[in-house]
Every structure is written in C-alpha cells, then in structure tokens.
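Visitor: I would like a close look at one helix pair in this model. Please describe the packing in detail, then go on to the other local features.

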Amino acid sequence: MSDPVSLLRFTSVAPLRAAVAAWRRADERVVLVPTMGALHAGHLALMARARSLGRRVVASIFVNPTQFGPNEDFSRYPRDTETDLALLAEAGVDAAYLPEVSGMYPEHFSTRIEVGGLTEGLCGAYRPGHFSGVATVVTKLLNQVQPDCALFGEKDYQQLLVIRRAVRDLDLPVEIQGVPTLREADGLALSSRNRYLAPEERVRAPRLHAVLSEIAAGLAAGGSAGPLVEGGRAALAAAGFEPVQYLEVRDAETLAPVEHATRPARVLAAAYLGRTRLIDNVAVG
Ligand code: AMP
C-alpha cells in the first residue's frame, strides 16, 4: 500500500498539466481514469489496471452536469470526495483531478462533441444529449490531462465505443482501453447507483445479469435474438423490472442490431427497479 500523503490533488488545469508533462518528460507513462466519484470496487479495478499499464495514474472525479437530463439524478448523485480521495490514495493513484463545474464550463462555453450513429439507439434513445455531454467532457479531460492512455469500463459499453470513436475521429493522441465489468458475487454489476436500491430491490437486481447471460448463452448455442429477447423481457418483468427501456443484441463493434451471433456480439439492457435505472451488458460467447 502506498503512502496516502503522496496523492497529489489538482482542481485546475495548469498545475496538473505541469505535473503530467514532467512525468512524461521522464519517460513515465501516464494513465487517466475518469470517474464521477462515489468510488466502488469497480472503479478500483480500473485504478489497478491503470497501475499495471503506466508508471503514473491520474484519476478524475467530476459529476458532469451536461450528461444528465433535466429529470435525472444529477442533484442526488452520491458525492463523497473525502472517502474517494482516501480510496485513491490507498489504490496507489498519483494524482486526483477534481475540476470545478465553473472551470470546466466557463461563461459562454458553447462547444459540443456529437458522435453520430453509435449514439442513436440504446441509452442514446432514452437519454437525449447524454452522449454528447460524455463525449464533450471526456474530450476536455483528455486535453486537460494529456495522458498516454485512458481507461473506461465495459459496464458502460456504449460509452466506451462512443469515446473510442470520438478519439479516433478527432485524432486525439491517446490510447483508449476497456476494462471488463466487476460484479458482485451474485452477478450484479458494481455501480455507484446501486446504493439507491432498497434491500428487497437489491435482492432482485442480479436477475438483470442472469437474463443477459441466458440470452448470450442462447445465441452462442445458435439461437436467434427475437425469441430469446422476448423470453428475457418476460423474465425481467416477472422480477419486477419496470419499465425495461431496452433489451437488445447488438454487434460488439458497430452496435448494429444482430439476429444471429455470427460476429462478436453484445447483449445490452437498461431497466428500472423502482426509481433506480440499472444498465448492464454481456459478451456473446
Ligand atoms: P462512473 O463513475 O460511473 O462514471 O464510472 C467511471 C468509470 O468506471 C467508467 O469508465 C465506468 O465504465 C467504470 N465502471 C463503473 N462501474 C464499473 C464496474 N462495475 N466494473 C468496471 N468498470 C466500471
């Protein structure tokens, strides 16, 4: 375990960039892990991967207002910076970047990154403007920190593809790596939003992963998406998920709809348990 005192904290760009530039001049590879805080073991898995990929790790904590819709949970999103900083120090992270909203979006801020195609379905259909908010803030974070590599969880699979595409399209000089989803022992994907779940909802929540896994197994065995998804929707409804916003089989790279898993595919879902919106996805095969 590293000395907690060694965690640097930055709230503005210039000193952070100076630190990163010094590391890079010393040939130390710098890895960025962007987060919205309320850190859990899934985030810490990203930090551990980051440490294995680079000499220096920067974690950002920023609850980005522009990726939340007007009726979403921005104001009640869990915030616990002191606990987060202690966890980052314990995880051996070198620097925490905690930008202010006013610094990220100064007066007259008027630029947005729109990634077409990939953002149209799945979460994009239910969260208008969400991926534009994500792509814009991640582009800014990459420009502000200037890491060699940045890590994103497969938990937010559509987000990972959107960021890869933006980085490629805009020639951003950074490598993007995806990290597999960390799950509880019962299969529930770790998420900052899991703390919204009432105890009896928490008991039913792992059904989401179970249903996705059943569909993936059916596809891998040669089944077709239509009937598998229909069965899955019924199973989610029976477990109390309402509404199921989407439950779909998509190409793992293009997110085009898939009927038979002849190429790498992904089963993805978003569904509510009570007031809590859960998302998850699994690979086919
Ligand atoms: P968030 O704070 O929810 O924006 O998440 C920050 C990063 O952690 C994103 O790249 C997420 O995809 C990733 N992440 C969140 N939950 C998990 C998990 N259970 N396993 C792996 N990565 C995760």
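Guide: Helix α6 (residues 130-145) and helix α7 (residues 157-169) have axes that come within 10 Å and cross at roughly 55 degrees. Helices here are DSSP runs of H or I with at least four residues, strands are runs of E with at least two, and both are numbered from the N terminus. An axis is a line fitted to C-alpha atoms, for helices over the stretch in contact, and angles run from 0 to 180 degrees between N-to-C directions. The crossing of α6 past α7 is right-handed, the term for a near helix turned clockwise from the far one by less than a right angle, with anticlockwise being left-handed.

This is a predicted model, in which local features need pLDDT of at least 70 and side-chain atom pairs count only at pLDDT 80 or more, while totals for chains, interfaces and linings use all residues. Residues are numbered from 1 along each chain as its sequence is written, and side-chain values use heavy atoms, with hydrogens and water left out.

From α6, the residues Phe131, Val134, Ala135, Val138 and Leu142 meet Gln158, Gln159, Val162, Ile163 and Val167 of α7, contact meaning heavy atoms within 4.5 Å. By class, this contact of α6 with α7 has eight nonpolar, two polar and no charged residues. Ala, Val, Leu, Ile, Met, Phe, Trp, Tyr, Cys and Pro count as nonpolar, Asp, Glu, Lys and Arg as charged, and the others, Gly among them, as polar.

Another helix pair is α9 (residues 207-220) with α10 (residues 225-238), packed at an angle of about 165 degrees with axes 10 Å apart. These two helices are therefore roughly antiparallel, and their crossing is right-handed. In α9, Arg207, Leu208, Val211, Ile215, Gly218 and Leu219 meet Ala225, Leu228, Val229, Gly232, Ala235 and Leu236 in α10. The contact of α9 with α10 divides into nine nonpolar residues, two polar and one charged.

Next come the loops. Pro243 sits in the loop between α10 and β7 (244-251), and the peptide bond joining Glu242 to Pro243 is cis, with omega about -5 degrees. Ala38, in the loop between β2 (30-35) and α2 (41-53), is not a glycine but has a positive phi of about 50 degrees. Leu122, in the loop between α4 and α5, also has a positive phi of about 50 degrees without being a glycine. Most residues other than glycine have a negative phi, and most peptide bonds are trans. Ala38 counts as buried at 2% relative accessibility, and Leu122 counts as buried at 3%; buried means under 20% relative accessible area, exposed over 50%, and partly exposed in between (1.4 Å probe, protein chains only).

Two serines remain. Ser110 lies in the loop between α4 (101-104) and α5 (123-126) and is exposed, with a relative accessible area of 67%. The Ser110 side chain reaches the backbone oxygen of His108 at 3.1 Å. Ser191, in the loop between β6 (175-179) and α8 (199-204), counts as buried at 17% relative accessibility. The side chain of Ser191 reaches the backbone nitrogen of Arg193 at 3.0 Å. Leaving out residues up to four places away in sequence, Ser191 touches His40 and Lys155.

Note on methods: A polar contact is a pair of N or O atoms within 3.5 Å; within protein, one must be able to donate a hydrogen and the other to accept it, and residues adjacent in sequence count only if both atoms are side-chain atoms. Angles under 35 degrees count as roughly parallel, over 145 as roughly antiparallel, 65 to 115 as roughly perpendicular and the rest as oblique.
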